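Colleague: Please put the model up, and I will ask about it piece by piece.

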Number of protein chains: 2
Amino acid sequence: MKFLVIGGDAAGMSAASRAKRNMPDLEVTVLEMTEDVSYSACGMPYNIADSKREIDDLVVRAAKVFREKQDINLLTGHRVTFINPSGKTVSGRTRQGKTFEFSYDKLLIATGGRAVVPDLPGMDHPGIHVLKSLEDGRKIKAYIREKQVKKAVIIGMGYIGLEMCEALRELSVQVDMVKPGPVFLPWMAQELSESIQAELVSHDVGMHAGHAVERIEPDGNHIRVICTGLTLDADMVLLAMGISPSSELAENAGLRTSVGNSIAVDRTLKTSDENIYAAGDCADAYHMVTGRKTWIPLALRANRAGWAVADNVCGKSTELPGIAGTAVFKVFNKEVARTGLTIKEAETFSFDPASVTISSRSRAHAHPGSTTILVHMVGDRKTGRLLGVQMVGNEGVAHRINAAAVALHNRMTVEAFSQTDLAYAPPFGPVWDPLLTAANQLLKKMEN
Amino acid sequence: MKFLVIGGDAAGMSAASRAKRNMPDLEVTVLEMTEDVSYSACGMPYNIADSKREIDDLVVRAAKVFREKQDINLLTGHRVTFINPSGKTVSGRTRQGKTFEFSYDKLLIATGGRAVVPDLPGMDHPGIHVLKSLEDGRKIKAYIREKQVKKAVIIGMGYIGLEMCEALRELSVQVDMVKPGPVFLPWMAQELSESIQAELVSHDVGMHAGHAVERIEPDGNHIRVICTGLTLDADMVLLAMGISPSSELAENAGLRTSVGNSIAVDRTLKTSDENIYAAGDCADAYHMVTGRKTWIPLALRANRAGWAVADNVCGKSTELPGIAGTAVFKVFNKEVARTGLTIKEAETFSFDPASVTISSRSRAHAHPGSTTILVHMVGDRKTGRLLGVQMVGNEGVAHRINAAAVALHNRMTVEAFSQTDLAYAPPFGPVWDPLLTAANQLLKKMEN
């Protein structure tokens, strides 16, 4: 049997490797358009922050290992341009311009996502960067070094923008962040969002929400970012406006698409074509809280979906229950985490939400080094269910969110969650864990 | 209505305060035998470690506040010696030798636990200490200061012993730990236990498992701890051999007792007498994994049980689901956490357990500062259920355990747990959280 994979990143390589482990006789081919496979994309901002490290440190497994140790026919520099579902073939062109065609019994589309690039005048300036592929990371590192970048503008204020902001500040680069929307982190409860904004300001980051970028102009060796009511100068511009699913191949092949134009898959990761799977940032998923389709491109679900595809291709039927929308990131000294729905999302999905924001401590009463932890929690008045949690703090946030994520997977009520036996010792939190204090407060509010 | 509480620590004061909040007209009396109420007992080792801090820093709320702000009739120095359930009275004697008697409509026994003290020759030496009450903490701090303690022996290797070991080493006191049993932490998976033992040894702690203490002898200003095959010298000895429930009052009143001689209570915290509740370290609880009675004296469940008693006394019917046996402690640079059953406990309760121990990392591939996290996970082959987790690592352990605790509350299978959407970012862990890697490995083992 021939298993063909388009895309050699998290989902694609996870699927290829596991399929080979499941069935050593399976003929597995991976077509990757770049020269890089299996690298820690999320590690790029941290690598860029350290001028002594090479970007290639992020390669988890070399292409050679997949080829020689795992007997995977891994072809880099192979861009697929067409899928023919009825003929069960894919075709495309190599970097060197040669055409190719491969047939398959089972196909996995793991084409990932691509950075959103706005259609504005001046976008062809060589100082304008995105950060999605390892090649992007290479270019940014080289550009910072060669141009001795001292000043950067980041357009967008999402995870990548914030992580890159910290990375650039580590390199003593002056940073301005700009976005068209008026609210810094619109998905986040106000008090939490303000504490992160304060953290950025205290690290001398210029924060400019509410300014649409109109055009970008060269200015000698510099770049001028012209926004409504604001002009920013920089040596380098990073576009961090989010990503969109690379679903064109699938769409052109007639496959069904879904939320945000991602490829629609069922719980077995199968698309609308019997023999084609999709996984990773290009595909949708079920949300554990709403039970509905969602599109949240994150690394764990890409790896997990790759494994599930491999199992299904090899005849070991596997269904993925779905994702809770759990995410964590670091901005300077703040850990920021979320899982489940925001109150607005809860309203959209016809819940009757109530929410609280509480302030707790990262260590016990009178324990030295204690800092504030803010918790925002959302529950449903109708069913009593826990719907979502957001947290910000200097410590004890990143892993704490997982307790709430597991609660969401189990459709726990806020009351049941408030009764869970969470760990306590003075260096790690108050007797009543911040999550429990939030649940206790939310419960009171939901009862009234 | 008269609500009478015996014991003014975590469970007792939580109950008294909440009862007053629930029903401001309720007549609430608390009889506490010491002079201290509402302090962070678990914080004592950390306070002792810092000679600049006073032990009274650990007082969370002063007796005065309970009396004046909350209108609780709080009587310290009142030792109850007798409960008369048929007459609904309790009687006793004050520190000053005066007898007293109080009547009640509802009674809460929150007498806590007491440190186990072995019956050995020489136990009356003034250099021999236990650490249970704030008064014990005061004595230890004073003794270390006055006697300029340079060398200590800790008998017992439980949480308190380990935390006090770290505290004494912080004060540059040389420490030997000794226990009769041959295994350092018998409840812990061997590889994890060994990593903690190595941590202690690397901090120059003498570890002597397998030596029963036979007697203690004075030796000038020193103390000799005579064990089988070993004699240890010290300026001070700490008995850290665990605690036992203070259930004599209840037993003498004819109330039913349970595991480890704790007071038997139902899910509403009611004892075998209609009008008497028990909560905190003196009472038993239901275990979420086994569904059976257990006795695990920890702070959160004491506070929570106090609240539940207050609600039940005030007519707001509340049942506690039970505890998962979640605990965390710190030993030098190691965080140690557990929840649920050990493999031996699982066998005792007629599960068909399988277990794995895996080694993972605290940060992502190629992220600087990453250290080892060891995870031991137990599942049931018959039902597929997750039964227990233990973890050791330098970071990322204390709060990570809570995800597993919540899973136990929901009787999740290892497979369902392996599919949970846990947080990922490079500074905080690998893409596959150590808990997920353990679940994936355990699942494979359970399938074979």
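**Core, interface and helix**

Modeller: Ala279(A) and Ala279(B) touch the most other members among the 305 residues of the largest nonpolar core. Such a core is a set of buried Ala, Val, Leu, Ile, Met, Phe, Trp, Tyr and Cys residues joined through C-beta atoms within 7 Å; buried means 20 or more other C-beta atoms within 10 Å of a residue's own, with C-beta atoms placed from the backbone. This is a predicted model: local features need pLDDT of at least 70, side-chain atom pairs count only at pLDDT 80 or more, and totals for chains, interfaces and linings use all residues. Residues are numbered from 1 along each chain as its sequence is written, while chains are lettered from A and ligands numbered from 1 in the order written.

Colleague: Which element gives the most to the side of chain B that touches chain A?

Modeller: Counting contacts as C-beta atoms within 7 Å, 51 residues of chain B meet 51 residues of chain A. The elements of chain B that give two or more residues to that side are α8, β21 and α10, where helices (H or I, at least four residues) and strands (E, at least two) are DSSP runs numbered from the N terminus. With 7 residues, the one that gives the most is α10(B).

Colleague: How far apart are the end C-alpha atoms of helix α8 of chain A?

Modeller: In α8(A), 14 of the 15 residues are buried. The expected span is 1.5 Å times one less than the number of residues, so α8 of chain A should span 21 Å, and this agrees with its end C-alpha atoms, which are apart by 21 Å.

Note on methods: Buried ≥ 20, exposed ≤ 12 C-beta atoms within 10 Å, placed from the backbone. Contact = placed C-beta atoms within 7 Å.
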